[in-house]
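Colleague: Could you walk me through this model, one question at a time?

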Amino acid sequence: MKRKIITTSDGSKTIQIEDWNEQYHSIHGAIQEANHVFLKHGLLFYSELISESKNEFHTELVEVSILEIGFGTGLNAFLTLIEAEKLKLNINYIGIEAYPVQLDEIKQLNYVELISKPHEAIFEKLHDITWETAHNITSNFQLEKQQKFFKDINAKNEFNIIYFDAFGARVQPDLWTEDIFKIMFSALKDNGVLVTYSAKGSVRRAMQAVGFVVERLPGPPGKREMLRGTKHSTT
């Protein structure tokens with residue numbers, strides 16, 4: 001399928017699949033969407049839960065495991081790495097992608113320029129490392145990229161946070177079913193959270209059907225709402 005690089009409303013670029021009229025990120029702002037959905041309502045939300053549980057802001061590195069469904073351009077991982085440095089988190093990050101983005105496409109993106117020029121070598125490393133092997137990107141960020149279909153994930157109680165960033169249900173409805181969310185629910189630890197840009201009623205009902213407690217939250221620019229699901233402790 002034909003692909004091209006486009007510029008979104010906040011000036012950041014993304015990849016568009018023309019046959020689907022679908023993008024890797026929101027046309028209303030790639031970086032804005034990632035920060036709002038996955039950082040604010042995912043990583044920062046979970047970090048605050050950690051702090052509240054300790055009744056203080058943690059002063060030592062805290063272990064957090066993240067599963068990204070749709071590694072794509074690496075934007076979510078890049079933003080997470082930078083934020084983890086500020087939050088004193090030690091991140092174990094697994095990025096799942098069935099069809100990896102080509103390096104020539106990555107080189108056309110402007111995330112380093114808009115987010116953090118000093119992290120340029122780090123962004124390149126996210127994409128240069130080999131797949132199917134865990135790599136230490138920084139002293140507190142470990143990344144393993146896995147090339148597989150989402151239905152083939154078999155993790156059990158391994159992750160604190162899931163970034164569910166698959167292509168939309170309009171073009172790939174099979175990625176937003178109860179069967180897929182059952183796999184996600186199983187992969188999360190107790191009190192783990194799943195965040196997604198989607199707010200479709202069918203997605204919310206599928207998440208609820210497998211056990212998630214689902215919240216509707218204000219969406220990023222261009223979207224009224226988004227969803228966050230929590231796997232509450234069974235103890």
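This is a predicted model: local features need pLDDT of at least 70, side-chain atom pairs count only at pLDDT 80 or more; totals for chains, interfaces and linings use all residues.

Colleague: Thanks! Which exposed residues does the face of α5 turned away from its buried side carry?

Modeller: Residues are numbered from 1 along each chain as its sequence is written, and side-chain values use heavy atoms, leaving out hydrogens and water. Helices (H or I, at least four residues) and strands (E, at least two) are DSSP runs numbered from the N terminus, and exposed means over 50% relative accessible area, buried under 20%, partly exposed in between (1.4 Å probe, protein chains only). On the face of α5 turned away from its buried side, the exposed residues are Ala121 and Asp128.

Colleague: Why are the buried residues of α5 on the same side?

Modeller: In α5 (residues 120-128), the buried residues are Ile122, Phe123, Leu126 and His127. They lie on the same side of α5 because the arc they cover around the axis, taken from the directions from the helix axis to the C-beta atoms, is only 140°.

Colleague: Where does α5 pack on the sheet, and what angle does its direction make with that of β6?

Modeller: The open sheet has eight strands with mixed pairing, in the order β6-β7-β5-β4-β8-β9-β11-β10; two strands pair if DSSP finds at least two bridges between them. Its edge strands, β6 and β10 (213-218), each pair on one side only. Contact means heavy atoms within 4.5 Å, and axes are lines fitted to C-alpha atoms, for helices over the stretch in contact, with angles from 0 to 180 degrees between N-to-C directions. Helix α5 touches β6 and β7, and its direction makes with that of β6 an angle of about 165°.

Colleague: Which residue in β11 is the bridge partner of Pro218?

Modeller: β10 and β11 (residues 225-230) run antiparallel and are joined by six bridges. Within β11, Pro218 has as its bridge partner Glu225.
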